[in-house]
Amino acid sequence: MSPEVAKIVAMLNLDQKLSLLSGADDWHTTEIPEVGLPPVELGDGPHGLRTETGVDMVWIPSTCFPTASALGATWDPELVRRVGLALGEEARALGVDLLLGPGVNMKRTPLCGRNFEYFAEDPVLAGDLAAAYVQGLQSTGIGACLKHFAANNQETLRTEISVEADERTLREIYLEAFHRVIHTADPWAVMCSYNRIGGVHASQHHWLLTEVLRQEWGYPGLVVSDWDAVHDPVAAVSAGLDLEMPGTGGRSAFALRRGLAEGTLSEAAVDQAAARVIEFVRRCRPDGAPAHSPVRQAGIVPGAPLSEAHLAELGAETHHELAREVASAAITLLRNEDGVLPLDPDSDQRIAVVGGYARVPRIQGGGSAGVNPTRVDEPLAGLREFAGDRTAYAQGYPVPETDFYRELAPDLSDSDELREEAVRLAVESDLVLAFVGLPLSSEVEAADRTTLALPEDQVQLLTALADTGKPLIVVLAAGSAVTMDGWHDRTDAILLTWLGGQGVGAATAAVIFGRADPSGRLGETYPLALEDTPGCRDFPGVGGRAIYAEGVFIGYRWYDHRNLPVRYPFGHGLSYTSFGYSDAEVVASTPETVELRVRVTNAGSRHGAEVVQVYIEPPHSADRPERELRAFEKVWLDSGESRLLAFTLHHRDFAFVDATARSWRQVSGTYRVCFGSSSRAVRATVAVDRPDATRPFRDDAGAGSTTAGRGRVPAVGHGGGPDASRAPDAV
Ligand code: BGC
């Protein structure tokens, strides 16, 4: 702790110190004006600002950006950095000091109800994009809170479930995205998760919060609990938790005082946690004054629209444009038979636009991440800007729920009638654009999905539309994978718009009419069936335990290892143009790094984007994934243009976790480096020989990842608290 902070700690009495260790209320830290500590506000997060009006479920308007799985599909750190920056500007305008995001949990199963809040099934993609988000956000002077640490991969029994995973699995898959972000972007806070790991709650897990996070990774920032995730305050503070949220009205301070009296809690642990809270508060509010927000004052009249001046202060206009840009960059063209897309805006085709989501798009999921958008682009209106009265609309299926941000337009509810009306419209038209997707109730906090299929009435609609024989283009809204039985093969094109935020309507129209290239790529595998997915047999666990028997084999690692066919592989997405790969080479190879190059050329006739994905294939080994993503770059090229891309891989990129030797181990042998346009579309390869080499875990604060910012904080020695939970054993 710095000398100034030590001085403040020394000035505080025990009650004051204990009061800092839990919130003053739902969203604020405790103020101590006597020593210049104002309250700091923590606010959700992650794809928009959710600030209270004082009326339940009514939030001050703010920009609803695409959710994390859509950000994941952009594969574009620079764009995600700009989202972070815009979020920071809005947080500042609204008087929020710490934004509760991003979430970098792995999409272990597509059933997880909160997958829309997570970037990917791969830690490199999730970690590098989240690092960019954190850098953008924190460049505005607003803190990021990386969550949910760790292994929070299901919502069923989320506060009790015990994740039973071996140490290698945790380190290679479930901790790695956190490590990358902490290593390169220095988030001001980390939020521990609700679940247990090896029987111990994350909020009370010494191995996780102290040995790995602080001692190995050198993390200097604040550790805050997820809301109500602390069960035993003494165990939590001893394990390395600094701030319990929300406030408990003095209950936790009482328990901590008793712990001190009984000797189960050390005063040093209290001082340490208090010091970290003080450091955090001073970082958030260097002027020592609480945030002041005129926009917030104006916005607390529930339902009142913000004035032009307040919208301007929020940056609403430019942020809406950014929301559209990001939504467009995420849109993923899964299928495009005979180049049916893009549509020609100058043709005279009559277009049947079918589906309630064409009027009220799915822009986000439900729960603590829900945002009250400043405005929402309607897809149908966007299409009409290109095709005018050549379009006609039919609702197609009942949209039963009311999205909390907006009442649904008048809703007919008889499934058969709606379908028949849509089919009649299709028959009179030249082609069909069918807007379908998961219902809001499938993508919420605190509940998981039970099926990967679309709702039955939507499936029936799609088959009935296909029966008309008209070209069928499906526009799919989903924050997590869906299965496509019964309709996939009967479509001409499938455009995945994710949960694309408030600009998704205009972005979708622009892609459909070729104004923008569909440059999104899948950050998760689309399986053929639920039964094929990793972990599905054990999901959601038995007797309160979720056994991660698949080990490191999640996502594409699983399908490749089992040689299973998939609907669409990780990294897949089509462009309106095409790309060639050439000149792949190893430029230099040292014991520490491998420098690589590959040339990518736009061989088609339109401007477009390619996402070049770099995978390593280790020498054959039964317990290593066949192929793992290690780097990527998205490039925009004009027709005929080519670019030479350079990548640097590090020791860690070739290594696996050798838990017995407490190290990352690179085994000697020949590795193949694959440049691909998906995990299953390898376009160029090179071979590289690597020597045997290990790096102890305790060097992780300085160990290499493929992004910048290495060697920030030296590791400190190991230690144990009263509740020194152990590293998980193999299962
Ligand atoms: C969620 C967090 C969220 C917090 C505050 C919890 O239930 O898990 O992600 O930031 O609530 O709303």
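Biologist: In this predicted model, are the residues that point one way and the other way from β18 buried or exposed?

Modeller: In a regular strand the side chains alternate between the two faces of the sheet. In β18 of this predicted model, Gly608, Glu610, Val612, Val614 and Ile616 point one way, while Ala609, Val611, Gln613, Tyr615 and Glu617 point the other way. Strand β18, which spans residues 608-617, is mostly covered, with ten of its ten residues falling under the 20% relative accessible area that defines the term. The residues on both sides are therefore, by that cut-off, buried.

Biologist: Which residue of β19 stands opposite tyrosine 615?

Modeller: Strands of a sheet pair through backbone hydrogen bonds, either parallel or antiparallel. Strand β18 and strand β19 (residues 628-637) run antiparallel and are joined by nine bridges. Within β19, the residue that stands opposite tyrosine 615 is leucine 629.

Biologist: And which residue stands opposite glutamine 613 in β23?

Modeller: Strand β18 is also joined to strand β23 (residues 669-678), with five bridges between the two, and they run antiparallel. Opposite glutamine 613, the residue in β23 is glycine 676.

Biologist: In the open sheet of three strands, which are the edge strands?

Modeller: The order of this open sheet is β16-β17-β20, and the pairing is antiparallel. Strand β17, made of residues 593-602, pairs with β20 over nine bridges, and one example is arginine 597, whose bridge partner in β20 is alanine 646. An edge strand here pairs on one side only, and this applies to β16 (579-589) and β20 (642-650).

Biologist: How is arginine 652 classed, as buried or exposed, and with which side chain does it make a polar contact?

Modeller: Arginine 652 has its place in helix α20, which covers residues 651-654. Because its relative accessibility is 6%, and the cut-off is under 20%, arginine 652 counts as buried. Its side chain makes a polar contact at 2.9 Å, and the partner is the side chain of aspartate 700.

Biologist: How much of the ligand's accessible area does the protein cover?

Modeller: There are 14 residues around the ligand, among which Asp44, Arg114, His148, Tyr194 and Asp226 come nearest, and by class this shell has five nonpolar, two polar and seven charged residues. Polar side-chain atoms lie 2.4 Å from a ligand oxygen atom in aspartate 44 and 2.8 Å from one in glutamate 445, while an N or O atom in the side chain of arginine 114 is 2.7 Å from an oxygen atom of the ligand. Of the 310 Å² of accessible area that the ligand has on its own, the protein covers 94%.

Notes: Residues numbered from 1 in each chain as written. Predicted model: local features only at pLDDT ≥ 70, side-chain atom pairs only at ≥ 80, totals over all residues. Heavy atoms only, no water. Pairing = 2+ DSSP bridges. Helix = DSSP H or I, 4+ residues; strand = E, 2+ residues; numbered from the N terminus. Near = heavy atom within 4 Å. Polar contact = N/O pair within 3.5 Å; in protein donor to acceptor, adjacent residues only side chain to side chain. Areas by Shrake-Rupley, 256 points an atom, 1.4 Å probe, with all protein chains shown as cover. Nonpolar A, V, L, I, M, F, W, Y, C, P; charged D, E, K, R; others polar. Buried < 20%, exposed > 50% of the residue type's maximum accessible area, 1.4 Å probe, protein only.
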